[in-house]
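Good morning, everyone, and thank you for making time.

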Amino acid sequence: MNKIAYIALMMFIAIPGTAWALTLDEFIDKRIAFIQSADSAKEADAFITLCNDVLAKNVGKDAEYRSVVHSARAYAYWAKKDNAKALVDAKKSIELNQKTIFGYIVLAQAFEADGKFSEAAQAMDKAAANNDDPAEKKSFGETAVKLRAKATMKGFDDFQTKGKSYLNGEIKADAMLKICNDALAKDTKDNKEYASYIYAIRSNIYWTKNDLKKAKADAQKAIENDPQSGFGYMTMADVVAAEGRYDDAADLVDKALAYPKYMTDPEAVKKHAANLRLEAGAVSPRALWKAFEENEVAAENKYKGKLIAVKGKISAITTSPLGYPEISFHVDGYGLYQVQCEFPKDARAKIAELRKGQAVLVSGVCRGMTMKNVFLKGCKVIN
């Protein structure tokens, strides 16, 4: 027997009644026997039949008696896992007698069985308010607190599911923003991890909308609510990177890796940090070409044979005589001089998605200058 059922049993106090064919005291005795039975679910149908007969023949217009019977039948339906009917009878019991204790307890049972923990907690609050016994009032209050904790965790689970759907592109940003705001309007003060996750998701939404001020504020709230929120550090990294502070963003990604609870692909996150550091050191095609043009020896010492990143707008997309896809950045007004980036053959599909004039960040190994052009090999489009 669970705690609420036990509380319910304790509430069945004999109340003197009129001499019906089945008095209230006699009905209460039968109901106590039903609750105490080894398998009340199996005996529920017989007890429901008894309740129907009592309501039809015995109670007349006695609202208090009718309330007791409705709450008893609600308990029987709950035992049968028929929560819809349990809710109807529990609410009828309360309608007949606002001071009922057991009616609110069974209502809480039915709500809890349906996963409606907030509503169950509210019902237990009502049961506590109707009870004059200090010990029972305290017990009811403790049960309500536990039900609210369950409500918060259920809300968190539901929100995480929606958050993942948003990150997968299945929920649009504006719709998810409303979900975030609605969730924050509810009571999350007792679950900092939940609040942190909401702020991290909302930060991402503002980041996609290029509202960096709001995105940064929410990322900070995510971290403040849960200093071990890897998600919070990742969203802050996105904001900091958008501000052009790539080294700082990479440091934040490293910090996120220390708290991988919501991280589905840590290796991809590590690559992201490495790419941010490449972007931090990215050079424009014009600056790279100029370095070789002005002092090829110094430029070779600095760049040749090293993995570097260049960032600029694509001037041309071509295929080399050997079949390698290439993109070029012109560094003069005539296309005579350029930085040329060669990609592996298996990158053709990716390069086919690019277009002239598109701004890209490309990494590759610098091979130096040949015939006034600078060449990068083994290239990869970072973003």
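This is a predicted model: local features need pLDDT of at least 70, side-chain atom pairs count only at pLDDT 80 or more; totals for chains, interfaces and linings use all residues.

**A loop, a sheet and some single residues**

Let me begin with Leu336, which sits in the loop between β3 (325-330) and β4 (338-342); helices (H or I, at least four residues) and strands (E, at least two) are DSSP runs, numbered from the N terminus. Residues are numbered from 1 along each chain as its sequence is written, and side-chain values use heavy atoms, with hydrogens and water left out.

Leu336 counts as exposed because its relative accessibility is 55%, where buried means under 20% relative accessible area, exposed over 50%, and partly exposed in between (1.4 Å probe, protein chains only). Together with Tyr334 and Tyr337, Leu336 forms a nonpolar patch on the surface, with about 380 Å² of accessible area for the three together. Such patches are made of residues with over 30% relative accessible area and no salt bridge, with like charges joined within 9 Å and nonpolar side chains (Val, Leu, Ile, Met, Phe, Trp, Tyr) within 5 Å. A salt bridge here is a side-chain nitrogen of Lys or Arg within 4 Å of a carboxyl oxygen of Asp or Glu, and the areas come from the Shrake-Rupley method with a 1.4 Å probe, counting for residues only the protein chains shown as cover.

Now to the sheet: in what order do the six strands lie? They form an open sheet in the order β1-β5-β6-β4-β3-β2, with mixed pairing, and two strands are taken to pair if DSSP finds at least two bridges between them. At the edges are β1 (307-313) and β2 (316-319), each pairing on one side only. On average, neighbouring strands of this sheet are turned by 40° against each other, direction ignored.

Within the sheet, β3 is mostly covered, since five of its six residues are buried. On one side, β3 is joined to β4 by five bridges, the two strands running antiparallel, and there Ile327 stands opposite Cys341. Four bridges join β2 to β3, again antiparallel, and Ile317 has Ile327 as its bridge partner in β3. β2 and β3 form a hairpin with five residues between them, and Gly323 in that turn has a positive phi of about 90°.

Across β1, β5 (359-370) and β6 (373-381) lies helix α14 (residues 266-280), running at about 70° to β1; axes are lines fitted to C-alpha atoms, for helices over the stretch in contact, and angles run from 0 to 180 degrees between N-to-C directions. Lys380 belongs to strand β6 and counts as partly exposed because its relative accessibility is 45%. Setting aside residues up to four places away in sequence, Lys380 touches Asn275, Phe343, Leu361, Val362 and Ser363, contact meaning heavy atoms within 4.5 Å.

I will close with backbone angles, bearing in mind that most residues other than glycine have a negative phi. Met371, in the loop between β5 and β6, has a positive phi near 50°, and Met371 is exposed, with a relative accessible area of 77%. Asn210, in the loop between α10 (192-208) and α11 (212-225), has a positive phi of about 65° although it is not a glycine.
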